[in-house]
Amino acid sequence: MTTSDFKVSDTTVSAITDLLATLVAFETVSSATNLPLVDHVEDYCRRHGAAVERVTDETGRKAALWVTVGPADRPGYVLSGHSDVVPVEGQDWTSDPFRLTEIDGRLYGRGTSDMKGFLAVCLALLPEMAAAPLTRPLHLAISYDEEIGCLGVRPLIAHIRARGIAPLGCFVGEPTGMAVVTGHKGKYGAKVTFRGRACHSALAPTGVNAIEYAARFIDKVRLTAEGLARDGARDDLYDVPHTTGLTALVQGGTASNIVPDRCTVGFEFRAIAADDPRSLAETVLAYARDVLVPEMQARDPASGLTVEPVIDYPGLDIAPDAPLVTLAKRLAGRNAHAKVSYGTEAGLFQSLGDIPSVVIGPGDIARAHKADEYVETAELAECAGFVRRLIAESCA
């Protein structure tokens, strides 16, 4: 390929747009099956000569795809994206969120930035991958249920490892504006339900007030987070340069004249590489078990708490001089790198699969998860240039 081959024509952008329209039309919210999209993409990839492996979940309603183009017996590169999107209920869209709408170079629809735009680019260039004299393979990893805890990529990574596949690196196409992202925070979140004893509020001392004990737990989370902000480790590449913790959900009580016997608290920690979010969560949970529960049970032995883990994924931290980072910068035409506070599947590729990973993709995370999500056609074209350079790199 010559330099001119990296230019992205209007025809290519049109092909990407058509594929994106098809992908957006599949309503792949996490509560629904993604199999219609998987069936369509698998058929498309096979028609263009790619080898496709399907990894189905235990329910049979969700599946991930592992797509290979080129010599499968050699290490190559992975282009990874998730097929699921967040719901649209309660959002005031000005167009149908599951029908692609183009206005002044912007493509509106659920998942356009996060992250079906990236998938559309990869699929549109699949015929070019198949036609290229690849000396190293290119893989597409298409997962499910990323939005509810990066669930679908875990069995996919296990499948890759079981097959003895050891890629050179993975590019996760979350919307970064094509900036090269070398790190993201890890996260642990859980729901804690305090069980007390109800009674009439006129006899409040004879009950066990679940909300009041939950409030003390919430304060422990707050004090821990304040300590991390004040005295904790720092990484100035993040917009919030320290580990954070917060309570985001509180549900309890039935009436103002009843001592509440239930209160559920949802909390989380998001950690930079220097901290472990699960260990931080265990610290505050230990306070609840060792301090609060004995006080509650002294008044009513049936009192206590239950913990329901909700989300748990590792952070990403790859050295800025790692070969994959250097390659990503060269392919993207960038000299700088960045880190982001939101989570991605890159940390799992790195920790579970031992696959060096960076995050780079078209769009903007600020547009994701809200009404009138969009990606610009110029952003998709820039991403297509990146993938074309990766194809050429894989022919060297």
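So, helix H1 passes helix H3 in a right-handed crossing, where right-handed means the near helix is turned clockwise from the far one by less than a right angle, and left-handed means anticlockwise. The contact, meaning heavy atoms within 4.5 Å, is made on the H1 side by residues including Ala15, Leu19 and Leu23, and on the H3 side by residues including Lys116, Ala120 and Leu123. The axes of H1 (residues 10-25) and H3 (residues 112-124) come within 8 Å and cross at roughly 130°. That makes H1 oblique to H3, because under 35 degrees counts as roughly parallel, over 145 as roughly antiparallel, 65 to 115 as roughly perpendicular, and the rest as oblique. Axes here are lines fitted to C-alpha atoms, for helices over the stretch in contact, with angles from 0 to 180 degrees between N-to-C directions.

Quick housekeeping: this is a predicted model, where local features need pLDDT of at least 70, side-chain atom pairs count only at pLDDT 80 or more, and totals for chains, interfaces and linings use all residues. Residues are numbered from 1 along each chain as its sequence is written, and side-chain values use heavy atoms, with hydrogens and water left out. Helices (H or I, at least four residues) and strands (E, at least two) are DSSP runs, numbered from the N terminus.

On to the sheets. One is open, with 4 strands in the order E11-E13-E9-E14 and antiparallel pairing; two strands pair if DSSP finds at least two bridges between them. Why do E11 and E14 have one side left without a neighbour? E11 (244-252) and E14 (304-313) stand at the edges, so each has a single partner strand. Inside that sheet, 10 bridges join E9 (residues 186-195) to E13 (residues 262-271), and valine 192 stands opposite valine 265 in E13. Helix H6 (residues 210-231) lies across E9, E11 and E13, at about 10° to E13.

Last, cysteines. How many disulfides, counted as cysteine sulfur pairs within 2.5 Å? The count is 0. For cysteine 122, the nearest cysteine sulfur, in cysteine 383, is 6.0 Å away. Cysteine 263 has its closest cysteine sulfur, in cysteine 199, at 16 Å, too far for a bond. Cysteine 263 is also buried, at 1% relative accessibility (buried is under 20% relative accessible area, exposed over 50%, partly exposed in between, with a 1.4 Å probe and protein chains only).

How values were computed:
Disulfide = S-S within 2.5 Å.
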